[in-house]
Amino acid sequence: MKPFLVCFLFCLSSLFTAATAHAEKPWVEVRSPHFRVLTNGTARDGQRVAANFEQMRYVFVRELSGFRLDSGAPLTIFAMRDEKTSRRLDAWMWKMKGRKPTVLFKYGKERQYAMVRLDALGTEPNLFVAVQYALSVVRLNSYWLFPWLNTGLAEFYGSTQYQEDKIEIGAPAKYSALLQGTPIPVRTLISEQAPRLTKDNWKEVAGFDAESWALVHYLTFGNGMEEGQKINQFFGMLRDGEDQGKSFEQVFGSPEGMDRPFDQYIHNLAFDAAVIRNPPKWKETDFVTRELTPAETEAELAGYRLWKGDSLDAHPMVAAALEYDPKLGLAHEENGFLLFAQGKDAESEGEFSAAYRLDSTLYLSLFAKTMMSPLAHSNTPGDEAALHDALLKVVDLNPQFAPAYVEMARLEVRRGNLPLAYGLSRRAEQLEPSRAGYYLMTGEILHRMGRDAEAAADAQYVAKHGKGANHDAAVDLWNSIPEKQRPAGAALQYEALPGTNTVAGVVEQVNCGTAADDTVVLRHDGKQLTFRISDQHTTDMPDTYWYGSDHFALCHHLGGMPAVLRYRPAADASYTGDVAEIDIRDDLPAPSNGKSGMQLAAKP
């Protein structure tokens, strides 16, 4: 397509977006004590949705003491008036055939989003949002859980029934009809495996979900379960890193001995439910409510699309927001991330700087512009001090933003202050325990401190439960630790990918053109190796890299990064092979005194 035609179409799209936004009535923002709702319905609609989420949060506060409920990735809830207007939020959803979903939930490292349709509130599909919110809370409090517990907890609390004068926790909802046959043996149910959903086994998956819900229900309300105290004790042990299988038997006894009472329990005519009577009522009219400007509306909608990976659809909205209000900091922040995705780093950094200058609450802009500046790579004492101060400002703005603690830990590694680096890394773990890469960073710091037995334990824990790049990075750490410091008799192996070879090196460049011409050049043992990037390849980005998966684009920003490639050998000598897997690594920096850090271990 010719450049002038692309420009014409883009400008036309921007004008259409702006005209549409101007024609509709103003959007409303509602802020309750713990949630933020944006709606194209009425203020009353937004207040009602916020109150619903406050109710869900209250259940966790009451029933799961000690749980963290607030993430460093803020949740924004979009309450859309109906199916037609939901197109403004999610263009890809509108393109799907058939009935459009009434609810969505998007996890992210930096932001989280939920969407509910006002014309479907109170219907069963909205249980999905409750379950996904419950799942986000579970993820916020544990690195890894067995599938039954992950699913069971989310479904158990997600199916809570809310009434005017009471809340019922553990109501059977949709699951009692799926529990008529012989249940899965408890030992099998609590194993690490779960059925993978396909078009042919949806009944098997639904049965697994139902029994997972029922087992959590039994461990909460069954005879001898002390009204939920035992399952809270069990989950507390998991949060402390204890082995799940051993903890289960320690708290509940033998799984085999549980089969008969569990079978009897799920075939009762009715399930018990915990009842909270006269729960607190939120005075919805006290929630802070205001109209959004057209520029704010466009920027907020663009943010959803951008964090959902729809950069192309976000672009005209960002352009419209900047046209409405060139001094809106949020619009410049979204534009900064759009430019970053295109590899236009100088322009991107300028937009982040402008965003933070216009709105000093935008910690993501401060963080991004800091990490893109020379400060992030300089070893001079003055620059290191300036980097520390900038990261400290990010933490001041959002004390639960784990990526800032990760970068502060890496800075202290460079400075040679390993005890402080260790504390900061542990803090990042506590804030985002579902990110295996944070555990591995802590393990590498422990290794440098000479605390190899603890480092080996971290590596073993991640390798046991992690998949893909996280598993193999844990094996790298394990192999770097002297054998006598590892647990006796323990061994870790790399994951196998049949039919592939493996090579470790440093990415020199990634070339993106047509799909058939996409290549990655890796430097290995002083040689350049060229690989073709197939349509079927996978790429894993480390949790600790500052922009992470929220803004990853294979074609940009990988130059100089350590990587491990799995590839299928080429049929001719013009290139080395076809990429099956690219695992990007983020090794700890070398100390400023020049001593080298842990080297990337090559696989056999």
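How many disulfides does a search of the whole structure find? The search turns up one disulfide, a term used here for a pair of cysteine sulfur atoms within 2.5 Å. Please keep in mind that this is a predicted model, where local features need pLDDT of at least 70, side-chain atom pairs count only at pLDDT 80 or more, and totals for chains, interfaces and linings use all residues. Residues are numbered from 1 along each chain as its sequence is written, and side-chain values use heavy atoms, leaving out hydrogens and water.

**The disulfide**

- C512 and C555 are the joined residues, with an S to S distance of 2.0 Å.
- Their link is left-handed, at -95° about the S-S bond.
- The pair ties together distant parts of the chain, 43 residues apart: C512 sits in the loop between β10 (501-511) and β11 (519-524), and C555 in the loop between β12 (527-540) and β13 (562-569).
- Strands (E, at least two residues) and helices (H or I, at least four residues) are DSSP runs, numbered from the N terminus.
- C512 counts as partly exposed because its relative accessible area is 34%, and C555 is partly exposed at 33%.
- On this scale, buried means under 20% relative accessible area, exposed over 50%, and partly exposed in between (1.4 Å probe, protein chains only).

**Around H377**

- H377 belongs to the loop between α15 (363-372) and α16 (381-397).
- With 63% relative accessibility, H377 is exposed.
- Beyond its neighbours within four places in sequence, H377 is in contact (heavy atoms within 4.5 Å) with M371 and R414.
- H377 and R414 are 37 residues apart along the chain, and 10.0 Å separates their C-alpha atoms.
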